[in-house]
Amino acid sequence: QVQLVESGGGLVQAGGSLRLSCAASGRTFSSYAMGWFRQAPGKEREFVAAIARSETYTRYADSVQGRFIISRDNTKNTVYLQMNSLNPEDTAVYYCAANIVISLRARDYDYWGQGTQVTVSS
């Protein structure tokens, strides 16, 4: 059982930065791989980044490689997504998700947060 709550979204100008947080419930947080996904209006939910239970293995979508950094703090049951050099194409609702095994597929994740809106103005 995992409950996830995202925060940190907002409005930012192109070129700016935001840090998203995802607070998870449960003592077994460290047992889960975590992912970030995003969904823009009229678009399918797409993979953004993921981090394995080991914390040393991370994956990024090509569209955010070099700009976004995923990290986790198991002592705080929190996953972060540092987003730099934002552009309008990054505008979307961002969701965090938890799964036993790391995956790039949204359908593989068992637990989801409610999402947080990120809007990047040009």
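Visitor: Why is Glu-46 called partly exposed?

Guide: Buried means under 20% relative accessible area and exposed over 50%, with partly exposed in between (1.4 Å probe, protein chains only); Glu-46 has a relative accessible area of 33%, so Glu-46 is partly exposed. This is a predicted model, in which local features need pLDDT of at least 70 and side-chain atom pairs count only at pLDDT 80 or more, while totals for chains, interfaces and linings use all residues. Residues are numbered from 1 along each chain as its sequence is written, and side-chain values use heavy atoms, with hydrogens and water left out.

Visitor: What makes Arg-38 and Glu-46 a salt bridge?

Guide: A salt bridge is a side-chain nitrogen of Lys or Arg within 4 Å of a carboxyl oxygen of Asp or Glu, and the closest N and O atoms of Arg-38 and Glu-46 are 2.6 Å apart, which places the pair in that class. Arg-38 counts as buried because its relative accessibility is 5%.

Visitor: Which residues are linked in a network of salt bridges?

Guide: Arg-38, Glu-46, Arg-67 and Asp-90 are linked in this way. Arg-38 meets Asp-90 at 2.9 Å, N to O, and Asp-90 in turn forms a salt bridge with Arg-67, where the closest N and O atoms are 2.8 Å apart. Asp-90 lies in the loop between β8 and β9 and Arg-67 in the loop between β6 and β7, so this pair ties together parts that are 23 residues apart in sequence.

Visitor: Why is Asn-99 called buried?

Guide: Its relative accessible area is 9%, and Asn-99 is therefore classed as buried.

Terms used:
Helix = DSSP H or I, 4+ residues; strand = E, 2+ residues; numbered from the N terminus.
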